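Subject: Structure handover

Hello,

Here is the structure I promised. My notes on its cavities, pockets and cores follow below.

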Amino acid sequence: MLKLIFKELIHRKFNFLMGLLGMVTIVSLVVSFYTITEATKKETIQLTREAEKVKWWNPKDSDIHVIEGQAWSENLETPFDRLPIDAKEKVRNSVWSLSKNTAGLSIRFRSNASNIVVKYKLQGAISMPHMPATGVSGLDLYAKNSDGAWVWVKGNYSIGKSAIYNFVNIKPNDQYHNKGREYQLYLPLYNSIDSLEIGVSKEALFIPHKKRIEKPIVVYGTSITQGACASRPGMAWTAILERKMDRPLINLGFSGNGRLEAELIHRMTSIDAKIYMLDCLPNLSVIEGRSLENVKQLVLNAVRTLRTEKPAIPILLVEHIGYSDELIHKDRKRKVADLNKTMKEAFGMLLSEGVSNLHLLTKEAINLNLDSTVDGIHPNDLGMQHYANAYEKALRSILDEPIGKYSTTIPVTQSREWHFYKWEERHRELLELNKKSAPRVSFFGNSIVHFWGGEPKGPVSNGPNSWSTYMSDLGIRNFSYGWDRVENALWRVYHGELDGFDAEHVVAMLGTNNFHLNSDKEIIEGIKLFVEAVKNRQPKAKVLLLGILPRRDNEERVLNLNFKIAQLAGTLQVGYTDAGAGLLHSDGKINEDLFKDGLHPNDAGYGRIAPYIIQSIK
């Protein structure tokens with residue numbers, strides 16, 4: 001009995017203690033909940049306040065076409081599609097489904113924001129067994145500085161059906177102005193986007209760029225073209241090539257489905273391309289119902305269709321790159337060799353038919369090595385670089401866009417005076433003017449010519465009277481840009497400013513903005529490449545090189561450099577004149593009365609150089 005009483009007392013005491021403990025726990029939980037709620041409330045308020053400071057831009061709401069890489073910007077089922085809606089019933093279901101992936105698409109904009117956030121919603125699987133989520137579903141942000149050099153922007157990210165990228169602590173401006181820099185946001189390679197918004201602080205500049213009007217590179221291919229297996233979208237070989245050539249690129253890569261199908265080839269003919277590239281052999285292996293002869297006919301039909309509809313656009317055929325384990329699996333090596341042999345046979349037949357401007361990129365030229373793939377066929381980032389390098393080498397030869405080793409011989413854009421005028425907008429304006437009417441004289445230069453006068457108009461005119469008196473009746477179009485260096489003028493020639501018309505004269509005064517960066521030899525090499533590019537695009541035009549105008553404290557260097565420019569003109573068999581001779585005193589120093597600032601002439605100074613130019617043109 002005593003034992004039972006004792007046991008009951010212990011039991012009651014235990015329950016009392018447990019009850020007391022429970023009450024303490026409940027009180028603690030209530031306090032904790034209250035604390036958490038208050039913290040969450042404060043955090044929510046803070047986030048709300050931060051959100052109120054952000055302005056959001058949605059490309060769906062834009063009144064201009066802003067999606068780069070779209071061959072067709074109209075009649076789309078959704079804004080981020082690669083094929084128009086009328087293709088839905090004409091291509092195979094797998095091709096249509098893959099066309100919803102945003103491979104090759106990007107958005108360009110200018111901003112001076114220190115923080116950029118991108119939020120977007122996805123439709124498909126986030127990752128694949130052989131390709132990370134950052135490549136399949138991620139974004140990639142690149143930027144150009146004011147001198148045209150590409151830089152990569154690291155972002156913090158969370159990738160799910162609802163995904164977000166935060167690009168923080170960005171140095172927003174270069175040394176020239178406070179208007180930020182140009183960005184290019186690459187979209188996912190193997191996923192589809194439902195919606196996307198870009199956010200910056202309300203105080204920051206944000207200007208979406210229009211889709212470029214330059215003729216694009218068009219690539220029709222396989223999963224490798226679509227982007228497998230790049231670690232992020234900007235590392236796909238097509239994206240690397242786009243940056244290297246600094247030209248729009250249309251990615252018609254369809255994973256497992258790049259089969260040279262007539263419907264896709266026919267659609268390509270509606271694109272006014274710079275070049276067509278066909279890289280479909282990896283999806284055309286011999287299987288039941290498809291022989292090597294079938295493959296040959298597909299190649300022949302594709303090229304004949306393109307050439308019939310677009311007789312002048314170059315076509316590049318690409319061999320099967322092969323597999324990195326061919327030494328182990330010999331049947332693979334044989335199959336690849338058979339396909340490449342078939343491609344060469346078709347290539348030879350087309351040449352014998354008289355098909356012109358047809359080219360072949362071989363397996364050996366691409367030259368992937370043992371460590372270049374993820375799974376023996378799909379390139380990793382190293383392999384993507386191999387691909388891009390091989391394509392760039394081929395395209396620079398085919399398109400006649402060579403580069404050299406000096407900065408003056410590597411074409412780039414610039415935005416050094418973006419606060420004063422828009423470099424890309426002036427380029428676009430010139431392309432559109434050239435389509436409407438051909439100039440008699442194309443005058444290339446920098447701010448000295450840009451801000452003299454003529455069309456298209458610059459933001460200021462430093463010599464309106466002299467231009468009206470001497471230059472207006474010569475049929476001159478002003479192809480000059482403020483702050484341009486030799487390499488910037490070279491870019492503009494490579495990107496169409498002298499295409500599609502015949503000028504009588506091309507005049508150029510280049511190099512003064514390279515003084516502080518380049519040696520005389522480097523400037524001469526750049527001018528040489530520029531003249532060669534001009535002569536190749538305007539073979540009927542008379543080319544005139546003008547000596548650099550004298551400038552304060554640099555008169556002797558200008559004199560020596562102009563002597564070398566004159567020698568170069570003789571070597572290249574083009575004209576030369578020293579238009580700045582009338583701006584000097586007898587002691588060789590500049591006449592300050594003829595200059596605004598020791599570099600740019602005033603109206604009277606322009607009046608001194610104009611007769612030299614007129615005499616040389618006439």
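The largest cavity holds about 50 Å³ of space. This is a predicted model, where local features need pLDDT of at least 70, side-chain atom pairs count only at pLDDT 80 or more, and totals for chains, interfaces and linings use all residues. Residues are numbered from 1 along each chain as its sequence is written, and side-chain values use heavy atoms, with hydrogens and water left out.

**Cavities**

A cavity here is a set of points on a 1 Å grid over the protein atoms alone where a 1.4 Å probe fits but cannot get out; lining residues have an atom within 4 Å of a point. Points are joined across faces, edges and corners, and a volume is the space filled by probe spheres set on them. That rule gives 3 cavities of 30 Å³ or more. Around the largest sit Gly 104, Tyr 186, Leu 187, Leu 189, Pro 233, Ala 236, Thr 238, Ala 239 and Asn 251. Its lining has 6 nonpolar, 3 polar and no charged residues. For these classes, Ala, Val, Leu, Ile, Met, Phe, Trp, Tyr, Cys and Pro are nonpolar, Asp, Glu, Lys and Arg are charged, and the others, Gly among them, are polar.

**Pockets**

A pocket is an open set with protein on both sides within 12 Å along at least five of seven lines. Of its 23 lining residues, Lys 215, Lys 274, Gly 496, Asp 499 and Gly 500 lie nearest the centre. Two or more lining residues come from each of α11 (423-436) and α15 (520-537); helices are DSSP runs of H or I, at least four residues, and strands are runs of E, at least two, numbered from the N terminus. The lining splits into 9 nonpolar, 6 polar and 8 charged residues.

The second largest pocket has about 520 Å³. It is lined by 30 residues, with Arg 108, Glu 182, His 209, Glu 424 and Glu 425 nearest its centre. Here α11 gives the most, 6 residues. By class, the count is 9 nonpolar, 9 polar and 12 charged.

**Cores**

A nonpolar core joins buried Ala, Val, Leu, Ile, Met, Phe, Trp, Tyr and Cys residues through side-chain atoms within 4.5 Å. Buried means under 20% relative accessible area (1.4 Å probe, protein chains only). The largest core has 40 residues; Trp 237, Met 277, Leu 316, Tyr 391 and Leu 395 touch the most other members. Its largest share, 8 residues, comes from α10. A second, separate core of 39 residues includes Ala 87, Ile 265, Ile 271 and Leu 350.

Best wishes

Conventions: Buried means under 20% relative accessible area, exposed over 50%, partly exposed in between (1.4 Å probe, protein chains only).
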